[in-house]
Amino acid sequence: MGKRVGLEVTVAVAEAVALCRIDMAGVYPITPQSHIAEHLSSLVADGTLEAEFVTVESEHSAMSAVIGASATGARAYTATASQGLLLMNELLPIASAMRLPICMAIANRAVSGPLNILNDHSDIMPQRDTGWISLFVENSQEAVDLSIQAFKIAEHKDVMLPVNVNIDGFQLTHMVEPVELPTQEEVDEFLPPLTPHATLHPAKPVTMGAFSMSDYFTEIMKAKDEVIKNSKKIVLEVWDEWGKKFGRHYKPVESYRADDADILMLTMGSMGETAKIAIDELRQKGVKAGLLKLRLWRPFPFEEIREALKNAKTLIVTDRAVSFGGPGGPVFSEIKSALFAGKHHPAIYNYIIGLGGRDVAVRDFVGMFEKILSDKDQKAKDTYEFWGVRE
Amino acid sequence: MIEVRWHGRGGQGAVTSVELLAVSAIAAGKYAQGFPSFGPERRGAPVAAFTRIDDKKINVRSGIYEPDVVLVLDSSLIGLVNVLDGLKPGGKVIVNTPKTPDEIRKDLNFNGTVATVDGTGIARKEMGVPIANTTMIGALLKVTGILSLDDVKESVEHRFGRIAQKNLNAMKRAYDEIKISN
């Protein structure tokens, strides 16, 4: 294992990506992702990383460039946030349909308007159905680990799909904190060179991502759905291998003091750590509270969610995005879908929190628990509420 | 755990200081977080930056609302920003100013520990620039004892290269010259 150092999380992520020996990066800087672009570009400039750093004029071009590079068989990487991700949107389903193992960091940031540069999940949630494997991290170590694992998952012969790693903007990206970077030897051992299934080359012409009418389109969509559903098996294998090699274990749904809990909360991303402190406080007060953390967003871990909730009486789902005029937050509605098909139905509540960088402190998590515990008649069940909103 | 809130103005290097402190604490085997107040950075506008240091893993990721120590890099912020906001009972205030701790105590109407040092004056003499962010790290180390001057040496050298020694000299002077009044 490499040395334990203090680094800004974006810098740690760029270092991890360099350890993956990427061939090409095409990144357009956008707050709060920019330091990833800057650090990768300096690693290329100073000769530490032998890769092509393509400076592009927009995120649309960034994604186009990595699609092109990946189609030639290069290990290609990009990173973005917010409006940048939205600008990439029309290319994301193309990357997955072309089965290109591109990896991307998303420094999650609220989308405009109004303009806001701070953290929430309103950038990734609208990309839910683009056919990308989607992972969430809660600290620097996880950001580093998953950035490396992403390539291994994406490039597995039974996957060949793009992967995004979601890293909360500012709360995580701009934090200097301890992290252990694996050594180059360790990463080389874990991540073999990419073996593409087909490549663009002038000497060997192939057609990729071409036109399809009603004759084949449905079959192509079905194939994409099958492959992303089946990718969960590979994700689990990769996490198992990582755990054995590095001693850090990852699961699609992780839990904290959840086994005997009467009331559970579910979070995604960096809030999980602060929520743990709230769980400890509630336990001290005699409330049997527990925490679930959703790491794997796509493919959605239906079985693992049902298993994690099999004894729960009450569940509070937190969302950092809004589905306007919809059934509640996007995570909430997925969890409800997962439970509808099962036999056990806990009372389920939804809080929309942490929008546009609104800080969520320990006292907020405790407050959400206490509010739901006082809802004896379950009046708020199945509904959603904006936590801490001023009306 | 110790939580420190830095008050400065955009461009005065508060963020650099919290980064240096966090990197040094981690290199010394501790756990730490260093982070800016999140938002658009504007030169000259009041900004805050934050440090958390602990011997065990830090889980909290929200802002710092009840700091143990407040460090004011720019004394013109006193009266403009409530630098005492949320300061824990028994909390300490460190100010970069040529004034005495008792004068600052009156300015702030504060009964707790106040420490002052002319960080800008020291920085001007030692480095030839009126930028006191690294100088004031020396003041913080003296008042809190969270790290030794030696602990920060390597990260200052890494960050500043050939001008590192001047920064370290300024830091040492602030460490030696700060006046603390309980």
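Two strands pair if DSSP finds at least two bridges between them. Helices (H or I, at least four residues) and strands (E, at least two) are DSSP runs, numbered from the N terminus. With these terms, the model can be read piece by piece.

This is a predicted model, in which local features need pLDDT of at least 70, side-chain atom pairs count only at pLDDT 80 or more, and totals for chains, interfaces and linings use all residues. Residues are numbered from 1 along each chain as its sequence is written, while chains are lettered from A and ligands numbered from 1 in the order in which they are written.

**The sheet in chain A**

Six strands of chain A form an open, mixed sheet in the order β9-β11-β10-β13-β14-β15. β9 (253–256) and β15 (384–386) of chain A stand at the edges; each has a single partner strand, so one side of each lacks a neighbour in the sheet. From one strand to the next, the twist averages 25 degrees. Axes are lines fitted to C-alpha atoms, for helices over the stretch in contact, and angles run from 0 to 180 degrees between N-to-C directions.

β13 (residues 314–319) and β14 (residues 347–352) of chain A run parallel and are joined by six bridges. A:V317 stands opposite A:N350 in β14(A).

Helices lie across this sheet. Helix α12 (residues 362–373) of chain A lies across β10, β11, β13 and β14 of chain A, at about 135 degrees to β10(A).

**Two domains in chain A**

Chain A is assigned domain 1 (4–246) and domain 2 (253–386). Such bounds come from an automatic or database domain assignment. The C-alpha centres of the two domains of chain A lie 28 Å apart. Two residues are in contact if their C-beta atoms, placed from the backbone, lie within 7 Å. By that rule, 27 residues of domain 1 of chain A touch 20 residues of domain 2 of chain A. Which element gives the most to the side of domain 1 of chain A that touches domain 2 of chain A? It is α8(A), with five residues. The residues of that side of domain 1 of chain A divide into eleven nonpolar, ten polar and six charged. Here Ala, Val, Leu, Ile, Met, Phe, Trp, Tyr, Cys and Pro count as nonpolar, Asp, Glu, Lys and Arg as charged, and the others, Gly among them, as polar.

**Where the chains meet**

The contact takes 23 residues from chain A and 19 residues from chain B. On the chain A side, β1 (4–8), β8 (176–180) and α9 (271–284) of chain A each supply at least two residues. The side of chain A that touches chain B has twelve nonpolar, six polar and five charged residues.

A residue is buried if 20 or more other C-beta atoms lie within 10 Å of its own, exposed if 12 or fewer, and partly exposed in between, with C-beta atoms placed from the backbone.

| Chain | Span of C-alpha trace along principal axes | Buried residues |
|---|---|---|
| Chain A | about 70 × 55 × 45 Å | 51% of 391 residues |
| Chain B | about 40 × 40 × 35 Å | 46% of 182 residues |

Chain A has twelve helices and 15 strands. Chain B has six helices and seven strands.
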